[in-house]
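Welcome, and thanks for taking a look at this one with us. Please keep the sequence and the 3D view side by side as you read.

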Amino acid sequence: MNKYISLIRTRLIPALLSAVLITSLGACSSLTDKNEPLPSLFSVFATLESHSKTGAVFTVQSAPDAEPVTLTTNADLQAEGLEAGKRYIIIYANGDANDPYIPGAIDLKNVLKVANGNVQIATKQEIMALQGVEYSVVSMFRTGTYINVQLDIPSTSTPEVFNIYADRATLGNPLPDLYLIYQVNSTGLSHTTAFGSFNIAEVWNERGCTGVNIDLNGRPSATFKKESTEK
């Protein structure tokens, strides 16, 4: 990893945590009562496997190649407009102050929508034409075939493109070249935080692929290798 990237895997940044406590699912008086201690909260990227009126099932991973852990909640998420199979950031307590990856029931506090997408295949020329604003990478890490990112963006406008693209000409290489693209029409004095979780399975699972290089802001910046090739 280069200087642009610092890994944040489980804990929520303080500014976002404040927003979570204010907008938690359902009544949150127990969280805001000054006479009661706040629970230890965890924040992780998760896949929503299923949900119904009686609850929901998420899977999470504690490390890049760890087995998925199943978390369940009795929260009714149907009114939240969430889709099974999509990625989200979930904020929850589980009664354990140290380990967010204990399978079983959780006390779900909030579900945050993030950008989703499957890796797109294009020529390098087409990818370069999509380059947008200069972003700062706050966090970037892999879980399974997903690349999870948190960016600081010098704009509050909705992006036209926020996804990962693969250079078609490099797909036969052991380390294909991928590009993280955030394209927005206007910048300004205000900044925003952007979260995304992108599935690179189409490239990652190719025979002969030992990992991927990821360009950030058009510059080679990060390499993620498969576990068997990292030694």
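Which residue in E4 is the bridge partner of Phe45? It is Ile89. Please bear in mind that this is a predicted model.

**The six-stranded sheet**
- Six strands form an open sheet with mixed pairing, in the order E5-E3-E2-E1-E4-E6.
- At its edges are strand E5 (104–105) and strand E6 (107–113), each of which pairs on one side only.
- Strand E1 (residues 42–52) and strand E4 (residues 87–93) run antiparallel and are joined by six bridges.

**The largest pocket**
- The volume of the largest pocket is about 160 Å³.
- It is lined by 17 residues, and those closest to its centre are Phe45, Val60, Gln61, Arg87 and Thr143.
- Two or more lining residues come from each of E1, strand E2 (55–60) and strand E9 (136–143).
- E1 gives the most to this lining, with three residues.
- By residue type, the lining has eight nonpolar, seven polar and two charged residues.

**Strand E12 and its partners**
- Strand E12 (residues 177–183) is largely enclosed by the rest of the structure, because six of its seven residues are buried.
- Strand E11 (residues 161–167) runs antiparallel to E12, and six bridges join the two.
- Within this pairing, Val161 stands opposite Gln183 in E12.
- Strand E14 (residues 211–216) runs parallel to E12, with four bridges between them.
- Here Asp177 stands opposite Asn213 in E14.

Methods: Residues are numbered from 1 along each chain as its sequence is written. This is a predicted model: local features need pLDDT of at least 70, side-chain atom pairs count only at pLDDT 80 or more; totals for chains, interfaces and linings use all residues. Side-chain values use heavy atoms; hydrogens and water are left out. Two strands pair if DSSP finds at least two bridges between them. On a 1 Å grid over the protein atoms alone, a cavity is a set of points where a 1.4 Å probe fits but cannot get out, and a pocket is an open set with protein on both sides within 12 Å along at least five of seven lines; lining residues have an atom within 4 Å of a point. Grid points are joined across faces, edges and corners, and a volume is the space filled by probe spheres set on the points. Ala, Val, Leu, Ile, Met, Phe, Trp, Tyr, Cys and Pro count as nonpolar, Asp, Glu, Lys and Arg as charged, and the others, Gly among them, as polar. Buried means under 20% relative accessible area, exposed over 50%, partly exposed in between (1.4 Å probe, protein chains only).
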